[in-house]
Amino acid sequence: MTEKYLVGVDFGTLSGRAVVVRASDGVQVGTAVTPYKYAVMDRTLDAGDGQKLPPEFALQNPQDYMAVLGQAVPEAIKDAGVSPADIVGVGIDATSATVFVTDAEGTPLCEKEEFSSNPHAYVKLWKHHGAQDQADRIIALAKERGEEWLERYGGILSSEMLFPKILETFEKAPEVYAAADVVIDLLDWVTWKLTGELSFSASDSGYKRMLTDGKYPTRDFCEGLAEGFGGVFEEKMNAPIKQLGEKVGTLSAEASKLTGLPEGIAVAAGNIDAHVVVAGANAVKPGQLTAIIGTSGCYILNSEEYKPVPGVFGNVLGGAVAGLWGIEGGQTAVGDVFAWYEDNGVPERYEQAAREEGISVLDYMMNKAFEMEIGEHGLVALDWLNGNRSILSDARLSGAIIGLSLQTRPEDIYRALMEGTIFGIRVIIDNFEEHGVPVTEIVGAGGLLKNHHFMQMLADITGRPVSISEAEQTGALGSAIFAAVAAGVYDDVYAAAKAMSHVTEHKYVPNEEASAKYEELYGIYRELHDFFGRGENLLMHRLKDIRARSFGEK
């Protein structure tokens with residue numbers, strides 16, 4: 001019998017990756033990566049006129065996504081050495097709440113000459129925080145009106161969501177909004193490009209587009225936010241909804257020519273890049289917290305019953321796997337925090353020492369950071385260098401390091417930043433449990449799995465065993481798993497995940513002595529968390545306001 005294969009395509013923040021996996025066991029047989037030419041435009045509009053961008057902007061060029069389909073997919077097939085005729089389905093995942101506007105045919109408005117210099121016509125990446133004012137107003141009006149849907153998002157709404165981002169476009173670039181026929185997230189745009197069929201993924205719609213129990217916020221509510229905004233969902237987001245594992249359509253002739261995949265194969269509904277890891281890591285049981293830890297962090301927990309949990313990023317039935325409530329929390333920066341410090345805080349003498357030892361600066365810093373005892377540095381760091389996603393959902397918050405002295409060394413700060421990010425994860429876990437959703441195990445995926453010090457620290461600080469997905473690209477594998485369901489290879493995602501995932505159970509277990517030592521530091525972190533994040537006098541907000549005024553912003 002001829003072996004069948006699936007393709008999974010993962011659209012990340014800086015690049016897109018395609019994998020070819022064997023349907024019978026999920027083994028990866030081919031892969032390729034295409035870096036984005038424009039990557040993240042957060043200072044200047046490099047794809048347009050080069051203008052300086054306001055603070056908190058993070059934009060992308062959709063042409064980068066097309067390059068992934070036209071380069072990474074054919075290269076992955078070539079790398080696999082399989083016949084394209086044996087590939088039966090394709091699935092995609094992408095950074096969520098990555099929002100842009102198109103015409104009725106799916107052409108992004110930023111590709112039209114009249115909008116090529118307008119930042120609001122470009123893709124607003126997940127970490128675009130320019131819509132914080134709009135998010136605040138949406139929350140205030142929803143609370144005032146007693147909107148039931150707000151509870152599903154923990155009583156708060158992040159500026160990263162689609163809703164505030166498109167309200168920002170409506171208010172700051174009305175000409176772009178007026179010209180838009182469709183407001184779309186990246187993952188739905190890609191399946192549209194592959195099939196010629198416009199539809200919206202149920203998972204992404206539930207988490208990022210405010211779809212609850214099959215309904216969007218009402219026209220009356222939207223009109224209450226801004227005059228003329230009432231028809232945003234009915235007029236610009238009225239596509240049919242597709243469930244995870246459902247077939248959106250079949251690969252078009254045009255997409256076949258672009259990708260090298262066979263025309264007519266199944267294309268699965270798109271998924272959020274973090275959420276698809278739940279299936280890729282077979283973390284489909286209640287109590288298993290899927291922790292996708294890379295440049296940022298996303299934490300997905302399944303529950304058998306609906307539990308209102310404040311401060312979460314969404315609580316959606318079938319959001320990660322069918323039949324369970326998928327609850328999402330997250331951090332806007334994890335690996336990005338370490339990268340920031342490596343780029344800006346490591347002295348030349350350390351770089352020289354690393355060269356002399358023949359190791360990377362990262363390894364040199366890591367070795368020095370973990371030579372010390374827990375608490376020896378005398379520091380506690382708040383990890384909000386890109387704002388707080390959960391549980392405060394406040395993009396105006398910023399990082400802080402408490403305890404600095406003339407004796408503080410670079411490795412002290414580096415380790416405190418690592419601890420601070422995991423303390424942030426612990427806050428999210430504690431919040432789940434305090435509201436009736438237990439966390440019994442962490443199943444890890446993402447780039448930071450390579451950092452064994454970090455992973456052991458994760459087990460020690462959270463007091464929970466950590467299992468590890470051994471797949472080279474768990475997200476892309478997850479997309480392939482859903483493609484296998486859409487193509488009819490497996491009956492459901494549970495069967496597909498069991499057959500195709502690769503996980504080492506409890507690779508890291510808590511060290512009781514270390515856990516006890518971290519507990520005191522965590523207590524200080526919680527005090528700082530509440531003082532700066534919940535205090536009546538929000539000092540960090542005031543600093544952000546001062547900075548914004550220096551750019552001529554409100």
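The entries below go from ground rules to aromatic rings, then domains, then backbone.

**Ground rules**

I am working with a predicted model, where local features need pLDDT of at least 70, side-chain atom pairs count only at pLDDT 80 or more, and totals for chains, interfaces and linings use all residues. Residues are numbered from 1 along each chain as its sequence is written, and side-chain values use heavy atoms, with hydrogens and water left out.

**Aromatic rings**

I searched the whole structure for ring pairs and got 24 aromatic pairs. My criterion: rings of Phe, Tyr and Trp (its six-membered ring) pair if their centres lie within 6.5 Å, with planes under 30 degrees apart counted as stacked, over 60 as edge-to-face and the rest as tilted.

I then checked accessibility, where buried means under 20% relative accessible area, exposed over 50%, and partly exposed in between (1.4 Å probe, protein chains only). Trp 149 is buried at 7%, and Tyr 153 is buried at 1%.

Next I looked at Phe 163 and Phe 229, whose planes are at 15° with centres 6.2 Å apart, so this pair is stacked. The two are 66 residues apart, and the pair links distant parts of the chain: Phe 163 is in helix H3 (residues 162-172), while Phe 229 is in the loop between helix H7 (219-225) and helix H8 (232-236). For the record, helices (H or I, at least four residues) and strands (E, at least two) are DSSP runs, numbered from the N terminus. Phe 163 comes out buried with a relative accessible area of 1%, and Phe 229 is buried at 0%.

Which residues make up the cluster? I listed Trp 149, Tyr 153, Phe 163, Phe 170, Tyr 177, Tyr 216, Phe 221, Phe 229 and Phe 233 as one aromatic cluster.

I also looked for charges over rings (NZ of Lys or CZ of Arg within 6 Å of the ring centre and within 35 degrees of the ring normal). The charged end of Lys 236 is over the ring of Tyr 177, 4.6 Å from the ring centre. Arg 209 has its charged end over the ring of Phe 200, 3.9 Å from the centre.

Thr 212 was my last stop here, in the loop between helix H6 (202-208) and H7. Thr 212 is buried, at 13% relative accessible area. Leaving aside neighbours within four places in sequence, Thr 212 is in contact (heavy atoms within 4.5 Å) with Trp 149, Arg 152 and Tyr 153.

**Domains**

I get 32% helix and 21% strand over residues 5-276, with the end C-alpha atoms 18 Å apart. Residues 290-487 give 39% helix and 19% strand, with the end C-alpha atoms 25 Å apart.

The division I used has domain 1 (281-333 + 429-508) and domain 2 (336-386 + 395-418 + 513-552), with bounds from an automatic or database domain assignment. Their C-alpha centres lie 26 Å apart, and the contact takes twelve residues from domain 1 and 14 residues from domain 2.

How much area is buried between domain 1 and domain 2? I noted about 1,300 Å², with carbon and sulfur atoms giving 59%. That is the accessible area (1.4 Å probe) that two parts lose on being put together, summed over both.

I picked out Trp 340, which is in helix H11 (residues 335-344). Trp 340 is partly exposed at 40% relative accessible area. Beyond neighbours within four places in sequence, Trp 340 is in contact with Gly 345, Leu 385 and Leu 417.

Most residues other than glycine have a negative phi, and most peptide bonds are trans. I therefore logged the exceptions below.

- Ser 390 and Ile 391 are joined by a cis peptide bond, with omega about 10°; Ile 391 is in the loop between strand S18 (380-382) and strand S19 (400-402).
- Ala 39 has a positive phi near 50°, and lies in the loop between strand S3 (28-35) and strand S4 (59-60).
- Ala 97 has a positive phi of about 50°, sits in the loop between strand S5 (87-94) and strand S6 (99-102), and is buried at 2% relative accessible area.
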